[in-house]
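This report describes selected features of a structure, moving from charged pairs to a sheet, a metal site and aromatic rings. The sequence and the structure are shown below.

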Amino acid sequence: MAKTYDYLFKLLLIGDSGVGKTSILFRFSEDAFNISFISTIGIDFKIRTIDLDGKKVKLQIWDTAGQERFRTITTAYYRGSMGIMLVYDVTNEKSFENIKNWIRNIEENASADVEKMILGNKCDLDAKRQVSKERGEQLAVEYQIKFVETSAKDSLNVEFAFYTLARDIKAKMEKKQEASNPPGGRTGAHQLRANEQQRKPTSWLSRCSVL
Amino acid sequence: MSCSSVEDIPEQCKDLFTQDGVLLKASIGRSISDLNSIGMLCIVQNSDGTKCIEWRPNDLITIDSDTQDQEWAVVNTIGRRQRTLSGNMTSDYAAARARIIRIPLDELKTFKCSRNNQQMQFSTKQGVWQNTFYFQHGNAEIFVAYLKNHVKTAKTRHDRNTYVVVEPNIESQVLNRSFAELDIFTENTTDVVWNLVSNFKQRPYETTLEAFSKLTDIVYYGNEGMNGKRDVSEEVAELLTKSMSALEDTTTVTRTDEYEVINVKPTLPPRPCIPRGTPLSTEKWEGLQDPEGRVTEIDGVRQLIFRGGVAHSIRNSVWKYLLDYHPWRMTDAEIKILQKRKTEEYFSMKLQWRSMTDGQESRFSEYRDRKSLVEKDVNRTDRTHPFFAGDNNPNLMVLQDILMTYVMYNFDLGYVQGMSDILAPLLLLLGNEVDTFWCFVGFMEKIASNFDMDQAGMKQQLVNLQQLLTFASPELAKHLASKDSGNMYFCFRWLLVWFKREFSHRDIMRLWEVLWTGLPCANFHLFICVAILDSEKDVLISKDYGFTEILKHVNDLSMCLDVDRILSTAEGIYHQIISAPHLSDQIRIILGIPTVGSRPEPEPEPEPQTSQTNGNVETDPGQTDMEEVTLEYNGLQISIVTKTVWALLA
Ligand SMILES: Nc1nc2c(ncn2[C@@H]2O[C@H](COP(=O)(O)OP(=O)(O)O)[C@@H](O)[C@H]2O)c(=O)[nH]1
Ligand SMILES: [Mg+2]
């Protein structure tokens, strides 16, 4: 079997209902936007393989339903995720305020060293804006999390966001690998063979999450 | 011989299938007064495992259900003391009982279904129809379908409605064969098995108990005397597994202090293939109403809808009954009054939120949050359907208005995601805002627990689904559990909006109306899940799908499912489960039928089994998960699991 990827990263999109999580994912996986998108019930994921510094990185991106009462179910899927996108809607103050709650939610349910990023979505809707870019940046500094404003509609910064998050995860992983491997060891020592990953993606993921 | 202890085992005689609305038309040797009385036709399993067709007049049924002792059950007289009627039975009851008609299946020779599925005739003697029944709802084909699961039949060449019974006792033959194939035991023990096989035909019940006592004996005592260190228990487990392999059983052997329990987990009876019916037609629907518009045959209507759904042209009318907006017993005139009142009530609630000023709204965050959720979801509901497509579609406004009015109707619950999915097909069909609202209220009544703040209702259903699947398809349940998916979370979407996302509008209407009938048992929607999963079982297991693949596969089934096939499979699974001899209380609770632990009483007891002192615990069925029977064999006390025995006799 041909080698299809070098890494598999599990990512998660969270944030209030209607902020554009599914649209961002749709933009990233299909490069399309649909104004009348169907609301998400339960949980689903999409796959896209990207090229990162010569390595094929397969991103498995999980999309969740936003309403609070469904969290008990959706948090079950947080486990093993290596990166989380926290999404708010720049035209909705409440969704911005809730980012703090979502961060708390992550702390309770995801592994401690998961990579995070804050996205202020729908930045194309300037006329309706309720949350300034500065406030977004301030929040990011407060929590020491990277931040970018996006538009799923206009395809603004969506690629950038996922590439950034994936690159951070990769760097963190490689650093940990180096720390645990004696220097001068084989450079590809941390890589898994593609077939192996495909057969047991979950067990591989759970190992990665504790790296 | 250990026959005496057999008497301690409670008689079990149960209905495998019942069908209401069946009139006795003709019966040889019956007084004329019995004819034309209405009753139910059943397939009954006797305590000894034999089965019969039984017709019971309706006036008997009430008495029948509170005396579950089944004393009058026909018992196999060979090798067993004939039981007599118990003394406390009233003569009225005895007289009523005499009116029951029983046709043992192993005596049944031919049967016939005629007159457009309205009539069935049975014969135990060539050339004479002893009993003729008339099916009020014209659905005799259903009885035929079930009956064919219990007897092997061939159609006669000259008449395609007449069936000839070819082999009455097929299951015990299968069992005999599987035992005959065994040769693991040493000479001595093989004899036990062979004796079992030869005795089984004459005295199935005792023979089985006896055989198991011996097997148990071997397991527990065989080690020491004969073969030193050899672990016989494994062999026996293997033997049992193999013996039941025709029935795909699994076996566990557990060791307790005093005895060895060989717990054969029996598989279910074969799955009947039940054909779907035709939808309730306009003519039938009108025929089921009296001149003033009352629906007269409520149960009959439900049965018909369960079987075939509702013809599209009358859905608009029938759904209002199914969703408890229009009471079945109301006249047309009364419904008019009701509708007027409900219309006023609706608009007054609508006015409450419509008259809210911007200022009020700005100081009412809970209301604001609900409103914004509704707006977001309405814009994301079925927008690809022409009825809801396009910008500024007025139907979206109606969705919005109904959901907002529902927020005022039930502010505590408010709006929860998924509700717009529930509402959309109702509006699409009913068209009218007020009707749609009240039907939505009725639907929400049925599934309110799905939307609980704490999601306890959803979690309970997922647990129940897992239990049901473990019972119906243990292999798949095991696979899911091994892939971290035993919590069944991947079925969340199915359950939350009752499969709305899995089917087209046309199909979801069919599925929902069938489920709204509440037939054939509580939680039938869980059987729909089991049916879908069961049909994907081979893929899920053979491809060794893991946690993520299971979710993906299940999500991707959306719009690829055949609603009629699934309904038919679900019903088949239901009948497998309901007629399973090892039905546990856990499953009984899910099905909404009485548990065996607490004896069926007319009034439900507030605190069952707490302060009760029952002196006869050992033979009281179902108090514990495992029912044990103590037998004497060669002076040794041996306990075995009675479930096992029932399984063998099923
Ligand atoms: N103008 C604009 N609308 C967006 C954008 N992203 C999402 N939306 C719209 O916002 C609504 C909610 O989006 P959705 O992806 O379903 O949100 P989710 O609940 O977070 O998954 C939809 O009607 C989208 O069309 C964006 O970048 N710009
Ligand atoms: Mg979404």
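How many salt bridges does a search of the whole structure find over all chains? The search finds 42, a salt bridge being a side-chain nitrogen of Lys or Arg within 4 Å of a carboxyl oxygen of Asp or Glu.

The model is predicted: local features need pLDDT of at least 70, side-chain atom pairs count only at pLDDT 80 or more, and totals for chains, interfaces and linings use all residues. Residues are numbered from 1 along each chain as its sequence is written, chains are lettered from A and ligands numbered from 1 in the order in which they are written, and side-chain values use heavy atoms, with hydrogens and water left out.

**Salt bridges**

| R27(A) | D31(A) | 3.0 Å |

Burial is judged by relative accessible area: buried means under 20%, exposed over 50%, and partly exposed in between, with a 1.4 Å probe and protein chains only. R27(A) is buried at 11% relative accessibility, whereas D31(A) is exposed at 54%.

Helices (H or I, at least four residues) and strands (E, at least two) are DSSP runs, numbered from the N terminus. R102(B) is partly exposed at 23%, while E54(B) is buried at 0%.

R271(B) is partly exposed at 33%, and D534(B) is buried at 16%. Elsewhere in chain B, a network of salt bridges links K350(B), R354(B), D401(B) and E433(B).

**The sheet of chain A**

An open, mixed sheet is formed by six strands of chain A in the order β2-β3-β1-β4-β5-β6; two strands pair if DSSP finds at least two bridges between them. Its edge strands are β2 (43-52) and β6 (146-149), each of which pairs on one side only. Within the sheet, β1 (residues 7-14) and β4 (residues 83-89) of chain A are parallel partners over four bridges, and I14(A) stands opposite L86(A) in β4(A). Helix α4 (residues 99-109) of chain A packs on the sheet and touches β1, β4 and β5 (115-121) of chain A, contact meaning heavy atoms within 4.5 Å.

**Magnesium site**

The magnesium ion (ligand 2) is coordinated by OG1 of T22(A) and OG1 of T40(A), at 2.0 to 2.1 Å. T22(A) belongs to helix α1 (residues 21-30) of chain A, and T40(A) to the loop between α1 and β2 of chain A. Both threonines, T22(A) and T40(A), are buried.

**Aromatic pairs**

Over all chains the structure holds 37 aromatic pairs. Rings of Phe, Tyr and Trp (its six-membered ring) pair if their centres lie within 6.5 Å; planes under 30 degrees apart count as stacked, over 60 as edge-to-face and the rest as tilted. W319(B) and W516(B) are edge-to-face, because their planes stand at 90°, with ring centres 4.9 Å apart. Both W319(B) and W516(B) are buried.

Note on methods. Axes fitted to C-alpha atoms, helices over the stretch in contact; angles between N-to-C directions. Donors = N, O, S within 2.8 Å, 3.2 Å for Na, K, Ca; no water.
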